[in-house]
Amino acid sequence: MGKWFGQASEIEELRAENQRLKEQVAALEARLRTAYADAGVTALAGSSFPAPEAAVPQASVPTFPAGAPNPATASSPELSAAELQMIAEGRVLNAVKAYRDRTGVSLKQAKAAIDAAR
């Protein structure tokens, strides 16, 4: 009986991990859809993403004025203290470069993250 009990707890742990991973995938797909929408891409060839209505419900996302960067699509890493200091000093280009070097994101994503922090 001990053998089955150990397997049952392992199965429950795997189910919980599976659920966590499914939620993470759904959140990443939603972010990717948003990034593509921000870039003006309307259809993805061979896309297997579910419709936005089928995604895991997320907290309401604030809207941004036209032309303003959306920080949700900028990148997930937080700005460092040095990058925030550069922004405060008006050295925005240096902050964008430092952010790109630290995170490895694209120029567009780095600029959006820095602009959102300003």
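The legends below describe close-up views of a predicted model.

**View 1. Overall chain and its confidence.** The predicted chain contains 5 helices and 0 strands, arranged along the sequence in the pattern α-α-α-α-α. Of its 118 residues, 19% count as buried, and the chain exposes about 8700 Å², of which carbon and sulfur atoms supply 59%. Among contacts between residues at least 6 apart in sequence, 46% join residues at least 24 apart. The mean pLDDT of the chain is 74, with 65% of its residues at 70 or more. Over residues 50-76 the pLDDT is below 50, although this stretch has 29 contacts in the model beyond near neighbours in sequence. Among the elements, the lowest mean pLDDT (44) belongs to α2, and the highest (92) to helix α4, residues 92-103.

**View 2. The largest nonpolar core.** This core is made up of 10 residues, namely Met-86, Ile-87, Val-92, Ala-95, Val-96, Tyr-99, Val-105, Ala-110, Ala-113 and Ile-114. At least two of its residues come from each of α3 (81-88), α4 and α5 (107-117), and the most, 4 residues, are given by α4.

View 3. The side chains of Glu-83 and Arg-102 meet in a salt bridge, at 3.0 Å from N to O. Because Glu-83 lies in helix α3 and Arg-102 in helix α4, the pair ties together parts that are 19 residues apart in sequence. Glu-83 counts as buried, with a relative accessibility of 1%, whereas Arg-102, at 42%, counts as partly exposed.

View 4. Glu-17 is partly exposed at 35% relative accessibility, and Arg-20 is partly exposed at 41%. Asp-101 counts as exposed at 56% relative accessibility, and Lys-97 counts as exposed at 52%.

**View 5. A nonpolar patch on the surface.** Leu-32, Tyr-36 and Val-41 form this patch, and together they have about 210 Å² of accessible area. Val-41 is found in the loop between α1 (2-38) and α2 (71-74), and its relative accessibility of 34% makes Val-41 partly exposed.

How values were computed: Residues numbered from 1 in each chain as written. Predicted model: local features only at pLDDT ≥ 70, side-chain atom pairs only at ≥ 80, totals over all residues. Heavy atoms only, no water. Patch = residues over 30% accessible without salt bridge, like charges linked within 9 Å, V, L, I, M, F, W, Y side chains within 5 Å. Areas by Shrake-Rupley, 256 points an atom, 1.4 Å probe, with all protein chains shown as cover. Salt bridge = Lys/Arg side-chain N within 4 Å of Asp/Glu carboxyl O. Buried < 20%, exposed > 50% of the residue type's maximum accessible area, 1.4 Å probe, protein only. Contact = heavy atoms within 4.5 Å. pLDDT = per-residue confidence, 0-100. Core = buried A, V, L, I, M, F, W, Y, C linked by side-chain atoms within 4.5 Å.
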